[in-house]
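Here is a short briefing on one protein chain. Look over the sequence and the model first, then read the points by topic.

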Amino acid sequence: MTIQRAKNREFPNVIVLWPHTATGGAEHLRRLLYNGITRAQNHCTVIVIGQNRMNGPPFALTE
């Protein structure tokens, strides 16, 4: 299920697949990740796909 389809729903366990094709501004990406993580009631796992994705938004702090 996409993050948009899960709006206003909660699940016991959530896996967020963060693809290399996720695009948008830093704020947009941060909100998408926040929305995915907050769907979890008990546990959330984030799997990041693609090289150097952890060095950019929403995972790295930007100034």
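A salt bridge here is a side-chain nitrogen of Lys or Arg within 4 Å of a carboxyl oxygen of Asp or Glu. By that rule, a search of the whole structure finds two salt bridges. This is a predicted model: local features need pLDDT of at least 70, side-chain atom pairs count only at pLDDT 80 or more, and totals for chains, interfaces and linings use all residues. Residues are numbered from 1 along each chain as its sequence is written, and side-chain values use heavy atoms, with hydrogens and water left out.

**Overall fold**

- The chain has one helix and two strands. Helices (H or I, at least four residues) and strands (E, at least two) are DSSP runs, numbered from the N terminus.
- Along the sequence, the pattern reads β-α-β. The radius of gyration is 12 Å, close to the 11 Å that the globule rule gives for 63 residues, so the chain is as compact as a globular protein of that length. That radius is taken over C-alpha atoms, and the globule rule is 2.2 Å times the number of residues to the power 0.38.
- Taken along the principal axes, the C-alpha atoms fill a box of roughly 30 × 20 × 20 Å.
- Contact means heavy atoms within 4.5 Å. Among contacts between residues at least 6 apart in sequence, 72% join residues at least 24 apart.

**Surface and burial**

- Of the 63 residues, 22% count as buried. Buried means under 20% relative accessible area, exposed over 50%, and partly exposed in between (1.4 Å probe, protein chains only).
- The accessible surface of the chain comes to about 4900 Å². Carbon and sulfur atoms account for 52% of that surface. Areas come from the Shrake-Rupley method with a 1.4 Å probe; for residues, only the protein chains shown count as cover.
- Ile15, Leu17, Ile47 and Ile49 form a nonpolar patch on the surface. Together they have about 390 Å² of accessible area.
- Patches are made of residues with over 30% relative accessible area and no salt bridge; like charges are joined within 9 Å, and nonpolar side chains (Val, Leu, Ile, Met, Phe, Trp, Tyr) within 5 Å.
- Ile47 counts as partly exposed, at 38% relative accessibility.

**Charged side chains on the helix**

- Side chains of opposite charge can pair when their charged atoms come close.
- Glu27 and Arg30 meet in a salt bridge through their side chains (2.7 Å, N to O). They sit three residues apart in helix α1 (residues 26–37), so about one helical turn separates them.
- Arg31 also meets Glu27 in a salt bridge (3.1 Å, N to O). These two are four residues apart in helix α1, so about one helical turn lies between them.
- Glu27 is partly exposed, with a relative accessible area of 40%. Arg30 is partly exposed at 40%, and Arg31 is partly exposed at 49%.

**A buried arginine**

- Where does Arg53 sit? Its place is in the segment after β2 (40–48).
- Arg53 is buried yet has no salt bridge. The nearest side chain of opposite charge, Glu27, is 15 Å away. In this count Lys and Arg are positive and Asp and Glu negative, while His and the chain ends are not counted.
- What does Arg53 touch, not counting residues up to four places away in sequence? The partners are Trp18, Pro19, His20, Ala22, Val48 and Phe59.

**Backbone points to check**

- Most residues other than glycine have a negative phi, and most peptide bonds are trans.
- Asn8 has a positive phi of about 65° although it is not a glycine. Asn8 lies in the segment before β1 (11–18). Asn8 is exposed, with a relative accessible area of 70%.
- Asn52 has a positive phi near 60°, and is likewise a residue other than glycine. Asn52 is found in the segment after β2 and is exposed, with a relative accessible area of 61%.
- Asn52 and His20 are 32 residues apart in sequence. In space they are 9.4 Å apart, C-alpha to C-alpha.
- The peptide bond from Pro57 to Pro58 is cis, with omega near 5°. Pro58 is in the segment after β2.
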